[in-house]
Amino acid sequence: MTAIKHALQRDIFTPNDERLLSIVNVCKAGKKKKNCFLCATVTTERPVQVKVVKVKKSDKGDFYKRQIAWTLRDLAVVDAKDAIKENPEFDLHFEKIYKWVASSTAEKNAFISCIWKLNQRYLRKKIDFVNVSSQLLEESVPSGENQSVTGGDEEVVDEYQELNAREEQDIEIMMEGCEYAISNAEAFAEKLSRELQVLDGANIQSIMASEKQVNILMKLLDEALKEVDQIELKLSSYEEMLQSVKEQMDQISESNHLIHLSNTNNVKLLSEIEFLVNHMDLAKGHIKALQEGDLASSRGIEACTNAADALLQCMNVALRPGHDLLLAVKQQQQRFSDLRELFARRLASHLNNVFVQQGHDQSSTLAQHSVELTLPNHHPFHRDLLRYAKLMEWLKSTDYGKYEGLTKNYMDYLSRLYEREIKDFFEVAKIKMTGTTKESKKFGKLRHTS
């Protein structure tokens with residue numbers, strides 16, 4: 001596993017400026033065993049980003065390729081399945097649940113422990129660790145960035161590092177100076193050991209000589225780490241404040257949407273109300289004319305005619321869907337019906353009285369025409385009735401029963417009147433003809449006597 005870890009660090013993570021901290025060999029639960037590796041990594045540059053990377057061995061060659069990566073911030077739940085018994089299965093809850101089976105329980109536990117410490121060290125967010133042994137979850141993590149995140153794991157401390165060009169050149173020069181290095185490896189190793197001891201002694205003397213500077217440097221490093229911790233705390237508080245501001249802005253946006261919706265509804269409601277008021281409102285003057293208007297005078301008849309037309313327009317208005325369910329609309333329609341009924345009764349009663357009055361007046365004029373022996377002229381009475389023509393049309397369209405009854409009464413009055421006039425006409429004619437005959441006979445006798 002160490003060789004694989006070094007290979008992954010060299011080929012995949014070092015080019016991306018990442019450090020590999022923990023690795024576990026897994027396969028997907030319930031499927032054919034296609035092994036891959038889950039890697040816990042951190043970036044070498046600040047701000048530090050912690051990721052879980054899935055690495056898979058290529059089918060066409062003996063090399064590994066990066067398949068998918070998740071940030072630790074997106075991890076919600078780590079489920080180890082069983083906190084007591086050894087169980088290689090575990091789940092990681094990102095945007096969806098990923099079910100894994102580790103090659104060994106030890107690798108699974110080491111990986112989960114690393115995830116917990118990375119969360120405590122860098123994120124300080126609440127990740128739920130379910131069915132995980134309390135021994136794996138430590139209470140604190142060392143604050144030094146160069147310290148091991150996995151709590152002293154030698155594999156994490158001893159990170160693989162490639163030799164740079166200068167180091168390679170120095171080793172080549174050293175090996176060239178030791179011609180016997182190839183044939184006598186022990187002598188070469190012995191010489192290297194002696195030179196290393198000399199270098200260690202020189203280093204110790206140099207360190208002891210600069211102990212004061214080292215102490216000062218260590219103190220500065222401690223202070224710098226404390227400042228880093230304070231900065232991270234401030235950043236966390238700023239992030240919480242930004243989250244609060246975001247929530248408030250979302251509430252304001254929702255409130256603005258509701259206000260816009262309310263304004264739109266108010267405009268629509270006002271439009272409907274204006275429509276009803278403009279088309280179903282009858283003026284007080286028209287109402288008074290229908291209730292009390294004078295049907296005998298020309299001005300009163302004109303006012304009643306205009307009021308009746310306005311009432312008919314209000315009653316025949318084309319209502320929009322839902323208007324007929326409003327209580328105010330129902331009440332107004334009932335009011336219009338009552339006004340129509342009242343005015344129709346007044347109009348029918350008045351015209352019946354007019355018919356009776358005209359019949360009486362026309363009978364009185366018959367005696368005036370008896371001298372000329374002609375039927376009376378009815379044109380003045382017809383002109384009086386023509387004033388009610390529009391009202392009769394209105395009555396015909398609104399209350400045909402009353403219109404038909406009024407027409408029948410008018411025909412009855414006319415038929416009786418004409419019968420009486422014709423009868424009187426023949427009586428007068430008979431009287432005149434009889435009187436003329438007697439006078440002529442009497443005149444003839446007187447003439448004969450003389």
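**Exercise 1.** State what share of the residues of the protein chain counts as buried, and how many helices and strands the chain has.

*Solution.* In this predicted model, 28% of the 450 residues of the protein chain count as buried. The secondary structure of the chain consists of 12 helices and eight strands. Turning to contacts with a separation of 6 or more, 58% of them in the protein chain are between residues 24 or more positions apart.

**Exercise 2.** Determine which residues of helix 7 are buried, and explain why they lie on the same side of the helix.

*Solution.* Begin with the residues of helix 7 (residues 284-292) that are under 20% relative accessible area; these are Ile-287, Ala-289 and Leu-290. As background, an α-helix has 3.6 residues a turn, so residues three or four places apart point the same way.

**Exercise 3.** Describe how helix 8 packs with helix 11, and classify the residues that make the contact.

*Solution.* Two packed helices are described by the angle between their axes and the distance between the axes. For helix 8 (residues 298-315) and helix 11 (residues 389-398), the angle is about 30° and the axes are 10 Å apart. Since angles under 35 degrees count as roughly parallel, helix 8 is roughly parallel to helix 11. The crossing in which helix 8 passes helix 11 is left-handed. On the side of helix 8 the contact is made by Ile-301, Cys-304, Thr-305, Ala-308, Asp-309, Leu-311 and Leu-312, while helix 11 contributes Lys-390, Leu-391, Trp-394, Ser-397 and Thr-398. Sorted by type, the residues of this contact comprise seven nonpolar, three polar and two charged.

Terms used
Residues numbered from 1 in each chain as written. Predicted model: local features only at pLDDT ≥ 70, side-chain atom pairs only at ≥ 80, totals over all residues. Heavy atoms only, no water. Buried < 20%, exposed > 50% of the residue type's maximum accessible area, 1.4 Å probe, protein only. Helix = DSSP H or I, 4+ residues; strand = E, 2+ residues; numbered from the N terminus. Arc of directions from axis to C-beta. Axes fitted to C-alpha atoms, helices over the stretch in contact; angles between N-to-C directions. Parallel < 35°, antiparallel > 145°, perpendicular 65-115°, else oblique. Left-handed = near helix turned anticlockwise from the far one by under 90°. Contact = heavy atoms within 4.5 Å. Nonpolar A, V, L, I, M, F, W, Y, C, P; charged D, E, K, R; others polar.
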